[in-house]
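I opened this notebook to record what I looked up in one structure. The entries follow in the order of my searches.

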Amino acid sequence: MRFMMIVKSTPETEADVLPSSELIAAMGRYNEELIKAGTLLAGEGLKSSRNGARIKYAGGKFKITDGPFTETKELIAGFWIIEVKSKDEALAWVRRIPFEEGQEIELREVFEAEDFAVDAISEEHLAKEAAWRKENQKPLKG
């Protein structure tokens, strides 16, 4: 099972205030634990929404709105994608994140190809998807 651990934005992250050196070091140690456990597939911090854009497709056209965006609680500041055996294991990793008081994390399971109805995806597509994941989505090694 793959899960995305989503780090919610705060007024500080939206103001491009970088974490303290102590927090950065603690996050490095946490990432190393994920890597050593063979759990981490990907993880990154994101720049503030002022550097981004929202793209909406409607009426056959794309509408692009440049950031910044005001609803901090709806924005993300970073993420990890982990591969674990269960939601409980994913939650155990979330509980180990070295964050400061008030930081919010959202945990979401990632769809797998086999989650879709049998007639929605061809066997050929499922095989290609599985081969691509096997080749490209391996746990990071330390």
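Entry 1: On a 1 Å grid over the protein atoms alone, a pocket is an open set of points where a 1.4 Å probe fits, with protein on both sides within 12 Å along at least five of seven lines; lining residues have an atom within 4 Å of a point. The model is predicted: local features need pLDDT of at least 70, side-chain atom pairs count only at pLDDT 80 or more, and totals for chains, interfaces and linings use all residues. Residues are numbered from 1 along each chain as its sequence is written, and side-chain values use heavy atoms, with hydrogens and water left out.

I found 29 residues in the lining of the largest pocket, with Val7, Thr13, Pro19, Ala77 and Phe99 nearest its centre. Two or more lining residues come from each of α1 (11-14), α2 (21-36), β2 (40-45) and β5 (76-83). Helices (H or I, at least four residues) and strands (E, at least two) are DSSP runs, numbered from the N terminus. I sorted the lining into 13 nonpolar, 10 polar and 6 charged residues. In this sorting Ala, Val, Leu, Ile, Met, Phe, Trp, Tyr, Cys and Pro count as nonpolar, Asp, Glu, Lys and Arg as charged, and the others, Gly among them, as polar.

**Entry 2: the chain.** I noted 4 helices and 6 strands in the protein chain, in the order β-α-α-β-β-β-β-α-β-α from the N terminus. The C-alpha atoms fill a box of roughly 50 × 45 × 25 Å along the principal axes. Of the 142 residues, 26% count as buried; buried means under 20% relative accessible area, exposed over 50%, and partly exposed in between (1.4 Å probe, protein chains only).

**Entry 3: salt bridges.** I searched the whole structure and found 5 salt bridges, each a side-chain nitrogen of Lys or Arg within 4 Å of a carboxyl oxygen of Asp or Glu. Glu106 pairs with Lys8 at 3.0 Å, N to O. Glu106 lies in strand β6 (residues 105-109) and Lys8 in strand β1 (residues 2-8), so this pair ties together parts 98 residues apart in sequence. Is Lys8 buried or exposed? Lys8 is buried, because its relative accessible area is 12%, whereas Glu106 is partly exposed at 23%.

Glu106 also forms a salt bridge with Arg108, the closest N and O atoms being 3.0 Å apart. Shared partners join Lys8, Glu106 and Arg108 into one network.

I next recorded the salt bridge of Arg50 with Asp16, with 2.7 Å between the closest N and O atoms. Arg50 lies in the loop between β2 and β3 and Asp16 in the loop between α1 and α2, so the pair ties together parts 34 residues apart in sequence. Arg50 is partly exposed at 43% relative accessibility, and Asp16 is partly exposed at 36%.

**Entry 4: Ala15.** I located Ala15 in the loop between α1 and α2. Its relative accessibility of 45% is why Ala15 counts as partly exposed. Ala15 and Ser49 are 34 residues apart in sequence and 9.3 Å apart in space, C-alpha to C-alpha.
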